[in-house]
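Hello,

Here is the structure for you to look over. My notes on the fold and the salt bridges follow it.

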Amino acid sequence: MSVSGFPTSSDIYLEAEGKKIAVVQSYKATANRTERTVEAFGESEPVATIATQLCYKIVLTRLYATDEAIGDGIDFHSLRDFSLVIVKPDRRVAYTGCQWSSIEETGELAEMVAEKVTILAAHRVETFN
């Protein structure tokens with residue numbers, strides 16, 4: 001009996017204006033939804049709960065700008081309205097309308113700079129192959 005694992009990502013990258021601008025080594029995505037309760041006069045407990053919009057928070061580690069983006073003078077700090085694309089063997093996930101919320105950089109002598117970028121996305125679209 002063979003057991004197959006979960007499909008892993010074969011390609012993770014940032015895209016802006018239709019161009020791949022950076023490749024990403026790893027990511028951690030979290031979808032959060034907040035709820036609001038509806039209270040009625042005279043009731044001791046809420047009568048309903050209403051879900052609000054989803055918020056997608058994705059933490060990216062080790063971003064490397066593509067050669068084309070470097071040639072174009074990419075600056076992650078000024079990046080707005082971009083997409084994160086995650087290509088898996090059986091599907092493609094795209095987070096769109098992205099804005100960064102934090103950028104961390106660490107550097108060591110003789111090592112490449114590793115960045116950790118936290119982004120917030122407005123939408124998530126999943127398409128199956």
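Helices (H or I, at least four residues) and strands (E, at least two) are DSSP runs, numbered from the N terminus. On that basis the chain has one helix and seven strands. Their order along the sequence is β-β-β-α-β-β-β-β.

Two notes on the source. This is a predicted model, where local features need pLDDT of at least 70, side-chain atom pairs count only at pLDDT 80 or more, and totals for chains, interfaces and linings use all residues. Residues are numbered from 1 along each chain as its sequence is written, and side-chain values use heavy atoms, without hydrogens and water.

Burial: 26% of the 129 residues count as buried (under 20% relative accessible area; exposed is over 50%, partly exposed in between; 1.4 Å probe, protein chains only).

Salt bridges: the count is six. The rule asks for a side-chain nitrogen of Lys or Arg within 4 Å of a carboxyl oxygen of Asp or Glu.

- Asp11 pairs with Lys20, closest N and O atoms 3.3 Å apart. Asp11 is partly exposed at 26%, and Lys20 is partly exposed at 34%.
- Glu68 bridges to Lys19 at 3.8 Å, N to O. This links helix 1 (residues 67–71) to strand 2 (residues 19–38), with the partners 49 residues apart. Glu68 is partly exposed at 44%; so is Lys19, at 38%.
- Lys19 also meets Asp72, at 3.7 Å. Asp72 sits in the loop between helix 1 and strand 4 (80–87), 53 residues from Lys19. Asp72 is exposed at 54%.

Best wishes
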